[in-house]
6 protein chains.
Amino acid sequence: MSDSDDRYQRGLENLSQLDASAPERLARLTAEVAPDLARYTIEYGYGDVFNRPGIDRKTRQMLTVAILATLGNAAPQLRSHIRNALKVGASREEIAEIMVQLSVYAGFPAALNGTNAAREVFAALDADAPSESD
Amino acid sequence: MSDSDDRYQRGLENLSQLDASAPERLARLTAEVAPDLARYTIEYGYGDVFNRPGIDRKTRQMLTVAILATLGNAAPQLRSHIRNALKVGASREEIAEIMVQLSVYAGFPAALNGTNAAREVFAALDADAPSESD
Amino acid sequence: MSDSDDRYQRGLENLSQLDASAPERLARLTAEVAPDLARYTIEYGYGDVFNRPGIDRKTRQMLTVAILATLGNAAPQLRSHIRNALKVGASREEIAEIMVQLSVYAGFPAALNGTNAAREVFAALDADAPSESD
Amino acid sequence: MSDSDDRYQRGLENLSQLDASAPERLARLTAEVAPDLARYTIEYGYGDVFNRPGIDRKTRQMLTVAILATLGNAAPQLRSHIRNALKVGASREEIAEIMVQLSVYAGFPAALNGTNAAREVFAALDADAPSESD
Amino acid sequence: MSDSDDRYQRGLENLSQLDASAPERLARLTAEVAPDLARYTIEYGYGDVFNRPGIDRKTRQMLTVAILATLGNAAPQLRSHIRNALKVGASREEIAEIMVQLSVYAGFPAALNGTNAAREVFAALDADAPSESD
Amino acid sequence: MSDSDDRYQRGLENLSQLDASAPERLARLTAEVAPDLARYTIEYGYGDVFNRPGIDRKTRQMLTVAILATLGNAAPQLRSHIRNALKVGASREEIAEIMVQLSVYAGFPAALNGTNAAREVFAALDADAPSESD
């Protein structure tokens with residue numbers, strides 16, 4: 001097994017543990033257009049970066065939520081990563097605090113739209129609905 | 001009554017006059033996630049800033065429409081503030097001119113998407129439809 | 001015929017050749033709000049710029065796809081210009097490569113959302129569906 | 001004289017009245033790279049849009065300041081347009097209010113950086129310094 | 001003492017503990033332009049939000065660094081908050097990890113420019129240089 | 001030699017051919033802060049993506065210039081990639097056309113600031129000056 005296979009396998013396991021349906025959603029999204037992009041996402045995002053030491057996994061996911069809510073144009077990814085942050089130990093209150101912090105530095109609309117994304121994720125979890133975003 | 005209550009009450013009255021259903025929509029958006037964010041929005045945005053002297057209310061709302069259309073990722077807020085700008089005296093022509101100005105400085109797609117938001121607001125008003133955006 | 005009419009006529013012909021339904025969609029979008037913005041879009045975007053020498057038409061459209069995917073908040077325009085790029089000779093693989101390139105410089109969410117826009121356009125073309133975006 | 005010459009002449013006069021050294025700065029910026037871009041800026045920005053009715057000149061310049069401060073990456077243009085806004089009648093207090101409004105919708109860093117640009121322009125004017133930005 | 005004075009005093013103490021020269025820098029920046037903006041920054045950013053429970057201070061500062069590095073156009077604030085994050089307990093390695101995480105979600109240029117800001121802050125601290133950014 | 005070493009070696013050679021001083025600049029930028037980020041930039045940006053088939057090298061660099069000029073907050077990278085685009089065969093006129101195209105889709109300030117970056121690169125090349133940007 002080559003290192004490249006290693007990175008992919010390691011990434012795939014990391015992503016699957018976080019969100020069992022994510023690899024399939026990612027493949028469906030990219031299969032007809034850019035299959036290598038799904039592979040790179042898994043290799044780089046989840047094989048190289050996700051498991052790096054130096055920062056605990058919960059803080060890393062919370063940082064990702066802050067980055068995506070700041071970008072403001074990545075709604076599917078924001079919802080996925082809010083769900084992932086909860087899965088690795090962030091509380092709903094901690095997600096909410098990210099949005100409050102956002103209001104100071106990126107403005108109230110970004111904070112309110114991030115809050116709305118969180119509200120949708122929390123409601124879906126409470127309804128025991130299977131994840132539909134990515 | 002403390003000053004903090006003052007800021008909230010003053011903000012709530014300002015926001016309610018502008019858009020009677022906005023406080024409830026804001027509360028619904030944030031209630032389960034970040035109730036303090038709704039309070040801060042009202043205290044800071046509508047208690048501290050909204051009524052400041054130095055700029056008339058119509059110009060202030062038009063500036064807000066320009067800011068939100070430039071951000072380009074705050075569609076619900078853009079629609080609300082277009083409606084609010086009309087309520088405090090901006091004409092539909094003035095809203096349109098904001099979008100024309102945007103075409104020079106933020107590009108044609110931002111201008112066209114802002115125009116589309118305005119078109120939706122104007123159509124809803126003409127249909128006498130109750131506001132559904134926030 | 002004045003030069004201004006010339007620019008408009010030239011732009012209209014260019015845009016119509018690229019996407020026969022675009023002028024009407026553009027007019028519908030702006031008619032009640034900012035009709036001059038439709039005219040400026042056609043005069044400047046398609047009369048002045050579109051046909052400039054110095055860069056071939058396919059490369060020009062691919063650059064536009066890259067710009068719009070980077071902005072990240074112009075989904076209707078992104079879909080239109082992916083379709084236009086295909087029409088002037090870009091292959092689906094070339095569209096996909098734009099998104100891969102985007103992953104390095106604008107991040108994976110921008111790349112994945114651009115890929116999703118491409119997927120929607122390709123699927124609509126395969127279904128022989130009439131264009132509905134703009 | 002053709003209409004295209006008209007647009008350019010009209011734009012050049014408008015821009016020169018606003019800022020006598022701007023056309024030369026613009027030409028110097030683009031001469032070796034993209035001379036047509038200077039022409040388009042003058043034709044479209046100052047020939048077509050600048051003098052449109054429907055919004056008074058002061059409000060139009062204040063909107064431009066709001067758009068540029070929101071973009072956050074156009075410092076030379078922001079400084080120029082703050083100066084232009086003052087020239088067509090905006091007060092320093094009104095410029096300041098744009099930045100306060102920005103704090104709500106685009107965040108405090110954007111507002112503080114816009115304030116800093118205004119501070120630089122005001123100081124240069126007070127020092128009677130010739131304009132150096134564009 | 002009113003609640004408004006309370007918020008300001010509390011904010012001022014928080015900010016001063018974090019960065020003793022920040023209040024004066026902020027006042028100097030805004031004094032001639034928008035003094036209320038300095039007051040709001042202190043009241044809202046440091047009086048209302050900074051000390052909220054629910055998230056520890058180090059994580060809160062790291063989130064702010066992530067937000068500012070994502071915005072990409074707030075260099076003075078980014079340098080200040082990197083320094084503040086170190087002051088409340090973040091390690092240099094943790095700052096670096098924020099930038100690595102940024103490379104996945106906001107692209108390599110944002111990550112490299114954030115890294116450069118961190119490098120400047122670390123170098124200034126090592127040189128025992130007094131802070132000059134804000 | 002492992003695949004990971006392969007990706008790094010391949011990326012390093014690609015980057016060095018394009019810009020002989022870039023690897024050292026990149027290392028200097030990241031050495032004290034985030035050395036892995038330099039490695040990832042080389043592995044992913046220049047090992048995985050740079051040499052992909054499907055798009056010729058000149059078009060790929062031109063797309064990168066368009067992406068960076070649109071982001072608007074990555075000035076050092078924009079200058080580097082303009083230089084790289086010239087090196088792989090883009091003409092100065094083609095770089096200029098990217099900026100003209102930008103004026104339609106991202107606005108005139110982005111186009112003018114991109115033009116200014118190009119002007120600086122062209123002037124440095126004409127002066128036979130060693131590259132100082134990165």
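In this predicted model, the C-alpha centres of domain 1 and domain 2 of chain A lie 21 Å apart. Domain 1 of chain A covers residues 1–52, and domain 2 of chain A covers 56–134. Where the two domains touch, seven residues of domain 1 of chain A are in contact with six residues of domain 2 of chain A. On the domain 1 side of that contact, helix α2 (residues 22–30) of chain A gives the most, with four residues. By class, the residues on this side of domain 1 of chain A divide into four nonpolar, one polar and two charged.

**Chain B against chain D**

Let us move on to how the chains meet. How many residues does each partner bring to the contact of chain B with chain D? Chain B brings 26 residues and chain D brings 26 residues. On the chain B side, the elements that give two or more residues are α3, α4 and α6 (92–105) of chain B. The largest share of that side comes from α4(B), with 10 residues. Sorted by class, the chain B side that touches chain D holds 15 nonpolar, six polar and five charged residues.

Chain B is superposed on chain D by a rotation of 180° with 0.0 Å of shift along the axis, at an RMSD of 0.0 Å. The two copies are thus related as by a two-fold rotation axis. Of the interface residues of chain B, 100% are also interface residues in chain D, so these copies meet through the same surface.

The axes of α6(B) and helix α4 (residues 57–71) of chain D come within 10 Å and cross at roughly 50°. The helices α6(B) and α4(D) are therefore oblique to each other, and α6(B) passes α4(D) in a right-handed crossing. From α6(B), the contact is made by B:I98, B:Q101, B:L102 and B:Y105, while α4(D) supplies D:R60, D:L63, D:T64, D:I67 and D:L68. The contact of α6(B) with α4(D) has six nonpolar, two polar and one charged residues.

**Chain B against chain A**

Chain B also touches chain A, and here the contact takes 15 residues from chain B and 16 residues from chain A. The elements of chain B that give two or more residues to this side are α2 (22–30), α3 (35–49) and α4 (57–71). Among them, α3(B) gives the most, with five residues. The side of chain B that touches chain A divides into eight nonpolar, five polar and two charged residues.

Do chains B and A meet through the same or different surfaces? Only 7% of the interface residues of chain B are also interface residues in chain A, so the copies meet through different surfaces.

Helix α3 (residues 35–49) of chain A packs with helix α6 (residues 92–105) of chain C at an angle of about 20°, with their axes 9 Å apart. That makes α3(A) roughly parallel to α6(C), and α3(A) passes α6(C) in a right-handed crossing. In this pair, A:D36, A:L37 and A:Y40 meet C:M99, C:V100 and C:S103.

The axes of α6(B) and helix α3 (residues 35–49) of chain C come within 9 Å and cross at roughly 20°. Helices α6(B) and α3(C) are therefore roughly parallel to each other, and their crossing is right-handed. The contact is made by B:M99, B:V100 and B:S103 of α6(B) together with C:D36, C:L37 and C:Y40 of α3(C). By class, the contact of α6(B) with α3(C) has four nonpolar, one polar and one charged residues.

| Helix pair | Axis distance | Crossing angle |
|---|---|---|
| α3(A) and α6(C) | 9 Å apart | about 20° |
| α6(B) and α4(D) | within 10 Å | roughly 50° |
| α6(B) and α3(C) | within 9 Å | roughly 20° |

Terms used
Residues are numbered from 1 along each chain as its sequence is written. Chains are lettered from A and ligands numbered from 1 in the order in which they are written. This is a predicted model: local features need pLDDT of at least 70, side-chain atom pairs count only at pLDDT 80 or more; totals for chains, interfaces and linings use all residues. Ala, Val, Leu, Ile, Met, Phe, Trp, Tyr, Cys and Pro count as nonpolar, Asp, Glu, Lys and Arg as charged, and the others, Gly among them, as polar. Copies are superposed by least squares on the C-alpha atoms of residues with pLDDT of at least 70 in both. Axes are lines fitted to C-alpha atoms, for helices over the stretch in contact, and angles run from 0 to 180 degrees between N-to-C directions. Angles under 35 degrees count as roughly parallel, over 145 as roughly antiparallel, 65 to 115 as roughly perpendicular and the rest as oblique. A crossing is left-handed if the near helix is turned anticlockwise from the far one by less than a right angle, and right-handed if clockwise. Domain bounds come from an automatic or database domain assignment.
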